[in-house]
Structures are given as C-alpha cells and as structure tokens.
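Please give a short briefing on the structure shown here.

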Amino acid sequence: MTNYIGFLRGINVGGRNKIKMADLRTMLEEMNLSNVKTYIQSGNLLFDSDQPKDSLCDRIEKQIKATFDLTVPVVLRTDKEVENIRESCPFSKEQLSKAEASSTGESLYVALLSEYPSQEANTTLSSCTFEKEEFHVHGRDVYLLFYDSIRNAKVIPKLNKLDPKATIRNWKTINKLLDMVT
C-alpha cells in the first residue's frame with residue numbers, strides 16, 4: 001500500500017465548489033481507499049491505496065464529478081514525495097526570516113503541478129522576476145516566497161498558464177499533512 005496525499009484545486013473557496021469533508025471522505029471510502037483522512041476545508045486528503053497514481057487521479061476526479069457535479073482537478077503525491085518537498089526547500093533561513101517579517105499572512109507556499117513542465121515552459125517561467133516575490137521550480141513543484149502577500153502575487157497567473165490543474169498550499173499545511181501520515 002502506498003500513502004497518498006491529495007490536493008484538490010479550488011474547493012470551498014469564496015462560496016464556490018462546496019464539498020463537505022465528511023462527504024468527501026465517504027466518497028473516497030466507497031472507492032475502496034483505506035485510512036481516509038481530510039485536513040481543513042480546502043481539499044487536502046490522505047489515504048492508502050495500491051493503485052497507480054495516474055489512474056487514481058482520474059478516478060477521483062470522475063467520482064467528484066459524479067457525486068458532487070463539480071469539475072475539480074486533483075493532484076496526488078506520495079508521502080515520500082511530500083517529504084522530499086519539505087526537505088528540498090531552496091530558500092535560506094535568512095530569506096525565510098525576511099519574507100516572514102514583511103509579509104501579510106503566510107510567506108512560504110508550494111505550487112503542486114500535475115505534471116513536469118516542459119523545458120521551454122520551465123525556462124520561460126524561470127526567466128520571470130517579480131518584486132517582493134521569489135520562486136524556484138523543482139520538478140513538479142514550485143516553491144513560492146512572498147515578501148508581501150500571495151494575494152498580490154504576479155507569479156500566480158503564470159503558474160495557472162503553466163498548469164491549469166496546479167494547486168497551491170502554504171508551508172504549514174504541507175507540514176501538517178506530513179505529520180498526519182506518521
């Protein structure tokens with residue numbers, strides 16, 4: 001069995017795409033996924049399965065459509081992949097401290113892409129610079145550091161063009177999900 005962490009994009013945001021976590025857990029259990037848990041209302045899932053990741057994403061997306069009549073992108077990572085996200089943070093302690101001191105709200109986030117960006121897309125994104133924000137592409141993940149607020153971020157529209165299924169989580173959520181796995 002593999003421990004999976006799932007990230008649903010755009011649910012329970014601004015009164016749109018509402019899904020109760022209890023109903024989502026029930027749906028996943030009915031799909032024969034084991035040890036199903038959710039964390040907060042923004043679509044964070046934990047479960048065990050022996051099925052391959054790609055087919056699971058597709059099945060979960062289709063079941064959400066059938067159950068809730070919503071089209072919701074799902075990004076899956078194994079617990080090992082999320083642990084690697086935590087261990088691979090490219091920002092120094094000084095950068096993190098400076099951003100934390102000047103930002104409104106959280107300063108460190110990770111955008112989880114559904115697939116690896118092409119070399120061209122990666123080069124195009126990496127060539128962008130924005131005042132009061134830094135980012136680093138690492139495989140299917142983009143580390144985001146904001147010195148102001150994610151709400152004013154200029155990189156977000158670029159990420160949406162790079163991967164319309166991408167979803168973003170703050171660092172505290174990433175860590176909490178890993179704590180829930182063990």
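Helix 3 spans residues 79-87, and its residues Asp79, Val82 and Ile85 are buried (under 20% relative accessible area with a 1.4 Å probe, protein chains only; exposed is over 50%, partly exposed in between). The model is predicted, with pLDDT of at least 70 needed for local features and 80 or more for side-chain atom pairs, while totals for chains, interfaces and linings use all residues. Residues are numbered from 1 along each chain as its sequence is written, and side-chain values use heavy atoms, without hydrogens and water.

**Helix 3**
- Seen down the axis of helix 3, the buried residues fall within an arc of 110°, so they line one face of the helix; the arc is taken from the directions from the helix axis to the C-beta atoms.
- Lys80 and Glu87 are exposed, on the face turned away from the buried side of helix 3.
- The buried residues of helix 3 pack against strand 1 (2-8), strand 4 (74-78), strand 5 (108-112), strand 7 (141-146) and helix 7 (171-181); contact means heavy atoms within 4.5 Å.
- Helices (H or I, at least four residues) and strands (E, at least two) are DSSP runs, numbered from the N terminus.

**Phe47**
- Phe47 lies in strand 3, residues 44-49.
- Phe47 counts as buried because its relative accessibility is 1%.
- Phe47 and Ser149 are 102 residues apart in sequence and 32 Å apart in space, C-alpha to C-alpha.
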